[in-house]
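Please look over the sequence and the model shown here.

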Amino acid sequence: MDLAVIGVGHVGLVTAACLADLGHRVVGLDDDAAKIETLLAGGVPFHEPDLPQLLEKVTASGALRFSTELADAIADAEVVFVCVGTPPLPGGGPDLRFVERVAVEVASSVDHELVLVEKSTVPANTGQRLTQVIRREQEARGTDLTNVHVASNPEFLREGVAVHDTLNPDRIVYGTSSDFARDALRRVYAPLVERTGAPVVETDVNTAELIKHASNAFLATRISFINAVANVCDLVGADVEVVAQGMGMDARIGPAFLSAGLGYGGSCFPKDVDAFLHLARNVGYDFRLLEEVGRINAGQRDVVLRKLRDELWHLSGKTITILGAAFKPGTDDLRESPGLHLVRTLMDEGATVRVYDPVAIPGVQAQLPDVATFTDPIEAVTGAHAAVVATDWPEIVKLDLAEVVAALDYPILVDGRNCLDAAAAAAAGLRYHGIGRGHLRT
Ligand code: UDX
């Protein structure tokens, strides 16, 4: 099939490459000419494992090409995926200006029947809005009012394993309001269903949008739940790691997304929890559970600060190393990174902060030019009064803890991801603090 993907950010670029890999002819469009130039030169504008190789393969075969002209990108497209950014607004809802603009542009230049698919995370009822915008535009132009079909096809990919997730989905969800759109999406995903046997949920547009809201909000809720349990574990002298293990063995609960720590970050969970709350508020439902999820998450940074203050008393004048700046391993994404939040708070308190990350340092330097940055973890901790693990990068998990002890001025380490071996840390001479590992002090 001929497909277009509008907006080749993280989601759009991975989607475009994977759809091309499934055998479709795909045009990736972005109005950021510099980004398209990078892609045309064989570069990838962000860190995502497996993506450079896949892009090389599908661009070399001609299955994927790039464009900066919307009319060119959609000229032959049967299905157009909208993957433009939906940045958060100050009030909590997402800014849908770019989504609206795409709908207007498509409506004003389309000359054949196609499906316009929302893939960006958007609030429920955005499909209805898009239909309204498109019809209005077409009416104003006196063009065919029936040739654009709006659909919702939420994506569930995780950064860092995005290619794997897209090509091995747990499920494929699409919501449509016409046979034309449903049949087109069936054909888009037929090769993936054949390849993986992934189950398909075919539903209406509002329900598809809600599946995305509810899935991300539920995962965020699990993380905040285990973090709240971790805080109780700290107080009563229990080990949250074993608690999570014991809970996860119950088939009704399952083990995923029960890792306690500094909390969730990234471009999705914080924004999506706020967006769902905002939506609920707008339609008259007081979703207090979700408010608490966000509050617990933000509080996890204070948990780490408290542990540092317990050890160091005043943080002003102390040198603290943050190990890991990316919001999670496998990415250079710093959006809503709990580690970076910590860096800013420590700086506000007058501490000297040093930051180590294996891939995200250029972004840290751009945002915080006054912070000392390192791509070697031992150099980063040398002479510091304490270190905090903020991202569970493999490079950090396999650190030689004796070397860490030798390099630090005081052997204090707060493991904000519970990713180090507590017994080995103690044996190496570290004053080790995890999150919810109160048993270590009893
Ligand atoms: C998430 C969803 O998983 C994905 O389905 C959706 O499409 C986009 O949002 P992503 O933001 O890439 O993906 O990262 P994910 O791996 O889900 O982790 C999100 C955050 O939660 C990270 O900061 C991670 O460190 C944290 N996390 C995750 C925990 O603190 N504990 C856990 O148990 C799991």
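Leaving out residues up to four places away in sequence, Gly28 touches Val5, Val8, Ile36, Leu64, Arg65, Phe66 and Ser67, where contact means heavy atoms within 4.5 Å. The model is a predicted one, in which local features need pLDDT of at least 70 and side-chain atom pairs count only at pLDDT 80 or more, whereas totals for chains, interfaces and linings use all residues. Residues are numbered from 1 along each chain as its sequence is written, and side-chain values use heavy atoms, with hydrogens and water left out.

- Gly28 lies in strand 2; helices (H or I, at least four residues) and strands (E, at least two) are DSSP runs, numbered from the N terminus.
- With a relative accessibility of 0%, Gly28 counts as buried, a class defined as under 20% relative accessible area, against over 50% for exposed and in between for partly exposed (1.4 Å probe, protein chains only).
- Although Gly28 and Thr15 are 13 residues apart along the chain, their C-alpha atoms are separated by 9.4 Å.

**Helix 2 and its two sides**

- Lys35, Ile36 and Leu39 are the buried residues of helix 2, which runs over residues 33–40.
- These residues cover an arc of only 95° around the axis, which puts them on the same side of helix 2; the arc is that of the directions from the helix axis to the C-beta atoms.
- The buried residues of helix 2 pack against helix 1 (10–21), strand 2 (25–29), helix 3 (51–60) and strand 3 (64–67), while the face turned away from the buried side carries the exposed residues Glu37 and Leu40.

**Helix 5**

- Helix 5 has 13 residues (97–109), and at 1.5 Å a residue it should span 18 Å, which agrees with the 18 Å between its end C-alpha atoms; the expected span is 1.5 Å times one less than the number of residues.
- Val99, Val102, Ala103, Val106 and Ala107 are the buried residues of helix 5.
- Viewed down the axis of helix 5, the buried residues fall within an arc of 130°, so they line one face of the helix.
- The cover over these buried residues of helix 5 includes strand 1 (2–6), helix 4 (70–74), strand 4 (79–82), strand 5 (114–118) and helix 6 (126–141).

**Aromatic pairs**

- Rings of Phe, Tyr and Trp (its six-membered ring) pair if their centres lie within 6.5 Å, and planes under 30 degrees apart count as stacked, over 60 as edge-to-face and the rest as tilted; by this rule the count comes to five aromatic pairs.
- One of them joins Phe257 and Phe269 in an edge-to-face arrangement, at 6.1 Å centre to centre and with 70° between the planes.
- This pair links distant parts of the chain, 12 residues apart, with Phe257 in the loop between helix 10 (240–248) and helix 11 (269–282) and Phe269 in helix 11.
- Phe257 is partly exposed, with a relative accessible area of 30%, whereas Phe269, at 13% relative accessibility, counts as buried.
- The ring centres of Tyr285 and Phe287 lie 5.6 Å apart with the planes at 75°, so this pair is edge-to-face as well, and Tyr285 counts as exposed at 51% relative accessibility.
- Phe257, Tyr264 and Phe269 are linked into a cluster by ring pairs.

**Charges over rings**

- A charge sits over a ring if NZ of Lys or CZ of Arg is within 6 Å of the ring centre and within 35 degrees of the ring normal.
- The charged end of Arg171 sits over the ring of Phe156, 3.5 Å from its centre, and Arg97 lies over the face of Phe98, at 6.0 Å from the ring centre.

**Positive phi values**

- Phe257, a residue other than glycine, has a positive phi near 55°.
- Asn418 is not a glycine either, yet its phi is positive at about 45°.
- Asn418 lies in the loop between strand 13 (412–415) and helix 18 (422–427) and is buried, with a relative accessible area of 9%.

- The protein is divided into domain 1 (2–201) and domain 2 (217–433), with bounds that come from an automatic or database domain assignment.
- The C-alpha centres of domain 1 and domain 2 lie 33 Å apart, and 17 residues of domain 1 are in contact with 15 residues of domain 2.
- Lys328, in the loop between strand 9 (319–323) and helix 13 (338–348), is partly exposed, with a relative accessible area of 21%.
- Leaving aside neighbours within four places in sequence, Lys328 is in contact with Arg158, Glu159, Thr391 and Trp393.
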